[in-house]
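Thanks for making time, everyone. Have a look at it first.

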Amino acid sequence: MSAAETVTVSIDGREVEVPKGTGLVETALAAGIEIPVFCYEPRLGAPVGACRMCLVEVEGIPKLQAGCTLTATDGMVVKTAQTSKLAADGQNSTLEFILVNHPLDCPVCDKGGECPLQDLTFRWGPPVTRNTFPKRTFEKPIPISPTIALDRERCILCYRCTRFSSDVSEDDQLVAQARGSQSIIATFEDQPYRAPFSGNVIELCPVGALTSTQYRFEARPWEIQDVPTVCGLCPVGCNVEATTREGKVKRIGSRNHPEIDEGWLCDKGRFGFTHLRAGDRVVDPSRRVGVRRSETLSWDAALDEAEAMLRAGGANIVTALSGSETVEQAYALGRLLRQGLGAHCAVMPEDVNPALDAFRLPLSSIRDAKLIVILGDDPIVERAPVVDLWIKAARRAGAEVVESEIGAPDGGVAKARDELGERIRESERAILIWSGPAGNGGATIAGLAAELDLAEKPGSGAFHLPETANGRGVADGWAAAADGDEADPEPIELLIVSGDEAAANPDVRALAEQAERVLAISMFRSPVAGWADLVLPGTSYLERDGTYVNLEGRLQRLRRAVIPPCPDELAWIAKLAERFDVDLSPHSPQVFAELSERCYGGIDYSAIGEVAELPERAAAVEVPPAPKAPKRERGKGLRLVSYRPLFSGPAVERVPELQFQRPGSEIELSADDAKKIGAKAGSTVQVISNGTSVALHARVNKQLVKGVARIAAEHAQGLGTHVEVST
C-alpha cells in the first residue's frame, strides 16, 4: 500500500499507521488499545453511536466524541479513558446511566459469564450505585418466536438486533417502538419473528435481552465446552461451535469464517441440533420380521445379516447415497462394496462437475461483485441461505442483481448467454449462480461460465448451489474408491440406502420396490419402517469426525461434538470389510490419509485447520457448451415447479421449535395467471392434478413465467407435472 493511502494517528501517546478511512475503534486495536463498545458491530454496516460507551477525547474538538463514528485522519490525536480523565468520567457516566434500570440478575441470566455489559462494568463502571429508587420492570420473558425470548428489562437499546433485521437480513420484522425513555424492542405488529436468520440477534445482543429458548437455564460458561466444527445441514458449510454439557449438545453458535459465512447462521443450522434427541432415533440394529414389524438385533447378529445380504447380492448391488455422509464414510463404503464385491453401482445424490473449479471463488466475493446473474427456479434462501445474505450485501453495495424468470425451460441460461452475455464478458467482477434442479446443473453453469470467458478474470466466477450438504465430498470419496467401471445391475438383488435424506427420496423408494432386499442406514425409524429388511443406526454430523466439501469446493473438518448412542459408521463398515478381506481403518484420519493421495493431492488431515483455506482455481478444462432450452412437456393447465424448502427434511421435522418456520400451504402464480383465474394474494385456490385436489393460498410472484406455478415440495406431493388451478 502506498504512503498516500495511509495516515498516522496518535492514540494515548502511541503512534500507529493505518489505511486512510479506518475506523477509530480498529485504529486503536492496531495500537494495542481497547475502546469499549456496545452498539458497534462492523458487520452491521455504518456505526450509529447509540450507546456512547466509546467516548474519547480528540485534540481540537471541545466535546467528547463517539469513537466508533470517527475514522482515522492524518495527524489525529486521540485520548481514551486510559489517559483522559474527561473520557473516563464520560464512560463511567454512560455505564451508570445504562445500569439505572438494568436488573441485577446476573446469577440467573443466560448471558452471565459471557456478557460484555458485565465485563465492562467491572472494568470501567462505578464501584457502587448511587440509585436508591426501584428499577423499572416489564413483563418477561416475552416469546417473540418459539426460538427467541425477549427480556425488556435487560435491553440497553444498542439497536444491534433491529439493525440486523433491517440492514443485513432485510426482513424488517424487529423494530424499535416509541421514543426516548419509553423505547422498546418489539416485532412488527407483535407478530412472531419468522425469518430464516432470526437467531443471529441472540449472538448480537450484548446483554441478556434476547436469549435462546432452547438454551434457557441449560448451562453456565464454566460448565460447558465449545467444539469447533462445521454445520452439516446445507451446502454452505458454515463454521460453528457446538456447545456441550454432560455429553449433550446445548446450543450452536457461529465461529465466523469471513469468506464463507461472516459469522451469520440460518435458524436451521442454529436450532436444528435437537434432532439428536428425536423420539424415533435408531440406536440398535433391527430386522424386519413382518409387515411393519421388526426385531432388535445385537451388533454381531446385524453384521452377520449384513454379510449374508452382501454375499447374496454380489455384483447386483445398488447404493443410494444421501450427500450427508462424510468423505471418509463414502470412501469406506465404496472400498467395501467395490473392492470386496467387484462391480457395483451407486445412485449419487446429485450431479457434481469438477469443471467448476476453474471458476472457483470464495463466497465473500459475491459481496464485491458488480453484476450477479441468478439462474434456476429454486429460491436461493431455501437452498443455501447464507448465499442470499451475500447477495443482499452486494445489492446494498451497488451491484446489479439479475434474476432469471422462474419456470424458464433452461433456467435462464439463454438470457444470460444472449441478453446479458456481452455485459458479463465486459465486467471484471461478474458472478453466475445456479440454483436449479440437481440434474446437470453443475455442467450447465460451468459450460456457460466457459462460454462467457470467466476463467481468465480473477474477480469473476460461478457457483452451483447443490441440494445436499456434502454432495461434492461424497462424489470425491466414492470416486477415490473406484475399482473398475460401474454397471447398472439387473435385477437389483440388494439396495443399500445410506442416510435419511436418501430414504425420503421418492426415486430411492421406487428403487426399493424393485430390489429383492433393502439395507438402510438411518438415524430415524419412521423413514425406513416397513420397507427396509435390515436397519443399521446412523449418526449426525455433530457426532462424527471427518471432512465435508462445501459448495465452493473447500475441504473442511467436522469434529465430533458428542458421542453418538451407537457405533460410528466407519467402525462397523471396517468390521464388515474384514469379512471380505478389505483392509480398512475405523478411524477418520487414517481413512482420509488413504483417500487424500487419490483425490486431494495428499494433504494431511491435521492440515485442514479450524479455518479451512480455499484451494486455488484449477486449470480450465474443455467444457461442453451450456445446453439449449429443452422442449417443454405438454400438459393441461400450469406447468408445476416444486422446490425443497430450507425448513424441511428429516432433521427439521424433529425440531418442534422450527415447525413455525416451515412454508405455508401456498401456490405461487404469475400475475397473468392469477388475473386469469381471478385469484388475489392470500385467496384460497383449488389445485387439481392426477385426480388429487389440494386447497392452497395464492401468492403472486412477478418473477414467474406465465403458465408456470411453483409449490413447496411438501405441498406438491401427489401432484403431476401440470396442475389446474381455480378459485
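This is a predicted model: local features need pLDDT of at least 70, side-chain atom pairs count only at pLDDT 80 or more; totals for chains, interfaces and linings use all residues.

Residues are numbered from 1 along each chain as its sequence is written, and side-chain values use heavy atoms, with hydrogens and water left out.

Helices and strands here are DSSP runs numbered from the N terminus, with at least four residues of H or I for a helix and at least two of E for a strand.

Okay, helix α7, residues 299–313. The expected span of a helix is 1.5 Å times one less than its number of residues. For the 15 residues of α7 that should give 21 Å, and the end C-alpha atoms are 21 Å apart, so the two agree. Which residues of α7 are buried? They are Ala302, Leu303, Glu305, Ala306, Glu307, Met309, Leu310 and Gly313. Buried, by the way, is under 20% relative accessible area, exposed is over 50%, and partly exposed is in between, using a 1.4 Å probe and protein chains only.

Now, α7 packs against helix α17, residues 569–578, at an angle of about 55 degrees, with the axes 10 Å apart. Axes are lines fitted to C-alpha atoms, for helices over the stretch in contact, and angles run from 0 to 180 degrees between N-to-C directions. So the two helices, α7 and α17, are oblique to each other; under 35 degrees would be roughly parallel, over 145 roughly antiparallel, 65 to 115 roughly perpendicular, and the rest is oblique. On the α7 side the contact uses Trp299, Leu303, Ala306, Glu307 and Leu310, and on the α17 side Trp572, Lys575 and Leu576. Contact means heavy atoms within 4.5 Å.

Next, strand β22, residues 494–498. How many of its residues are buried? That's 5 of its 5. Leu494, Ile496 and Ser498 are on one side, with Leu495 and Val497 on the other.

β22 has parallel pairing with β16, residues 317–321, over 5 bridges, and Val318 is partnered with Leu495. β22 also pairs in the parallel sense with β23, residues 517–522, over 5 bridges, where Ser498 has Ile521 as its partner. Two strands count as paired if DSSP finds at least two bridges between them.

On to an open sheet of 5 strands, in the order β2-β1-β5-β3-β4, with mixed pairing. Its edges are β2 (14–19) and β4 (65–66), and each has a single partner strand, so one side of each is left without a neighbour in the sheet. β1, residues 6–11, runs antiparallel to β2 over 6 bridges, and Ile11 sits opposite Arg14. Helix α2, residues 85–98, lies across β3 and β5 and runs at about 160 degrees to β3.

Last one: Leu454, in the loop between α13 (441–451) and β21 (461–464). Buried or exposed? Buried, because its relative accessibility is 0%. Among the residues Leu454 touches are Phe359, Ile424, Leu432 and Arg617, not counting residues up to four places away in sequence.
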